[in-house]
Amino acid sequence: MKRSFGIIAPVVLWLTVFLVVPMVAVIAVSFMQRDELGNVVYSFTLDNYARFFDPLYLGIYWDTLWLSVLTTAICLLLSYPLAYYISNASPNRQKLWLILITVPFWINFLIRTYAWVLLLRTQGVVNNALIDIGLIQEPLQMLYTKGAVLLGMVYTFIPYMVLPIYVALEQMDNRLLDAASDLGATRWKSFWHITLPQTKSGIMTGSVLVFITTAGMFVVTDILGGAKAQMLSNIIQNQFLGARDWPYGSALSVLFVLSSLIIIGLFNRALRSSYEASKEARV
Amino acid sequence: MLMIELVNVEKHFAGQPVVHPLSLKIDEGEFLTLLGPSGCGKTTILRMIAGFEQPTTGEIRLDGENVTDLPPNKRNLNLVFQHYALFPHMTVEQNIQFGLKMKKIPQAEQRERIADAIRLTQLTPLAKRFPHQLSGGQQQRVAIARAIANHPKVLLLDEPLGALDLQLRKNLQGELKQLQRNLGITFVYVTHDQEEAMMMSDRIVIMNNGRVEQVGSPKDIYERPETLFAATFVGENNVFHEEHMFAVRPEKIRVAAEPEDARKSGIIQDIVYLGNIHKLIVHLAHEQTNVTVALDFTDERKWEIGQRVGVNWNAQDEVMIGP
């Protein structure tokens, strides 16, 4: 008993310092008040949570969820065929593709996001090109729209979806496809009944990663969405840095973490089959 | 009735021949085994019949129809894979149902066929389990049940017992043979285990280096091997090179304590006791080779290593090999 604790002690310490303490602090602050100067006043209140149910904030909350779901869905639809294509390429080609997918990570994230501003603004590359070829007369308002934010999110997070799906496809036993074919399945049926269920873990991992990071992302919204497309994470950021209302920012953070957990839980449950349940039961 | 016909089938991989031109006829209800060491081309032949490999030249006919260009899912035969290739996310029942679903068999008949396949392979208590909850032998049964539920004209089996331990393998050999008799369908079986081939097959095709060495019944092959490879690959044999090459099985050779009148003489190098058989390894002085002699189980004579003995056989037990 004592010895096994000795082994896990560093992990417990690490988790305590970097996860438990900050979480407890955020939860504690979310039940406190603030004075006119923005200092936290140590007296209990539920006002911070009540404020959230203002239609303005509920609307932003809904927008955030919707954008995150949409980003996840689009990333999945684009990533699966891409990952499938890569996993079927020759080993050398696979390496090349994987490098190309991770190349954007080598460039600073802010610079990559500002590059989209150059492309999308009214005097930007895309508008100029469209005017030059005569498709439009007036420049389109693309920047500072929800569409621009969605585009930025999908662009930023697509590797988080491609890589887990690629790994799942690589790990799949291809002899299963031979067996399916032998039993009369067409290629499409083999994909639907064998490949897709066998790569569910990759889809699950990718979706959770993209969903959480999108919901928590405020930089892309700030740069590509301007003031029009605000997300919950922008409001939280603003409470801590601009409005100096730490208790309200904390309350929003707690609500945000809770709703993310619920959504991920529902998602896992929807995708989990009796097969995975039976595997876990054995362990 | 003819079920499978290979007409001058040849297979090259990257320009290298792995199967030399081969013609073979397999009858309906026959248990035919492709026997040979690994890399001899036997699995490639099986995969060509199943449709996973295309012959470089030649034609494959199944029940009179040319299937050379048909993909595996269009051929009315099934393959039992070496490592079973069961679908891990499906239960035993769902695995068996898969092929029936793909062929759009009506629900009622699906249930009937699944029940039959499960009963024939004794899987009834395991129907709701997933493959990872089964032992190797049970997984093997599921693979067979999944194949036979499709009522294929031919069942192809690629070393289906290779991953199992000896005792289980022996039991399943008997079960498989029984199953084949009950179903009456053609089995094409691939193995490198000559004992397994001898025990189960109606006919054996011995292969080596992509070529057929001999085709025949187990008895033919044991008693009248046509090539040196066939003579030494199946069972133990003593090969002599004189004017002609000929072989004599160990059980056809007798030892004599007096070397003077014997055909050949030598020194006992080893005595092997295997329970039901008792063997002497005799080193022949003139030939610089060893002869294995299987002793009669009633032989009570005292043999010692180093003892000088004579070996004898009857002329009619010599089997001529080669041209």
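Predicted model: local features only at pLDDT ≥ 70, side-chain atom pairs only at ≥ 80, totals over all residues.
Let me begin with a sheet in chain B, where 5 strands form an open arrangement in the order 13-17-14-15-16, with antiparallel pairing. At its edges stand strand 13, residues 254–256, and strand 16, residues 289–295, of chain B, each of which pairs on one side only. If we ignore direction, neighbouring strands of this sheet are turned by 45 degrees against each other on average.

To find the place in the structure, you can look for H278(B), which stands opposite L295(B) in strand 16 of chain B.

Let me now step back to the whole of chain B, which has 8 helices and 18 strands. Its C-alpha trace spans about 80 × 45 × 35 Å along the principal axes, and of the 323 residues in the chain, 39% are buried. Among the contacts in chain B with a separation of 6 or more, 63% are between residues 24 or more positions apart.

I turn next to a pair of helices. The axes of helix 2 of chain B and helix 3 of chain B, the latter formed by residues 107–120, come within 10 Å and cross at roughly 130 degrees. Because of that angle, helix 2 of chain B counts as oblique to helix 3 of chain B, and the crossing of the two is right-handed. On the helix 2 side of chain B the contact is made by E93(B), I96(B), Q97(B) and L100(B), while helix 3 of chain B brings Q110(B), R113(B), I114(B), A117(B) and I118(B). By class, the residues of this contact between helix 2 and helix 3 of chain B divide into 5 nonpolar, 2 polar and 2 charged.

Finally, let us look at where the two chains meet: 20 residues of chain B are in contact with 19 residues of chain A. Strand 6, residues 77–80, and helix 2, residues 92–102, of chain B each supply at least two residues of the side that touches chain A. Which element gives the largest share of that side of chain B? It is helix 2 of chain B, with 3 residues. Taken by class, the side of chain B that touches chain A has 11 nonpolar, 8 polar and 1 charged residues.

Technical notes:
Residues numbered from 1 in each chain as written. Chains lettered and ligands numbered in written order. Pairing = 2+ DSSP bridges. Helix = DSSP H or I, 4+ residues; strand = E, 2+ residues; numbered from the N terminus. Axes fitted to C-alpha atoms, helices over the stretch in contact; angles between N-to-C directions. Contact = placed C-beta atoms within 7 Å. Nonpolar A, V, L, I, M, F, W, Y, C, P; charged D, E, K, R; others polar. Buried ≥ 20, exposed ≤ 12 C-beta atoms within 10 Å, placed from the backbone. Parallel < 35°, antiparallel > 145°, perpendicular 65-115°, else oblique. Left-handed = near helix turned anticlockwise from the far one by under 90°.
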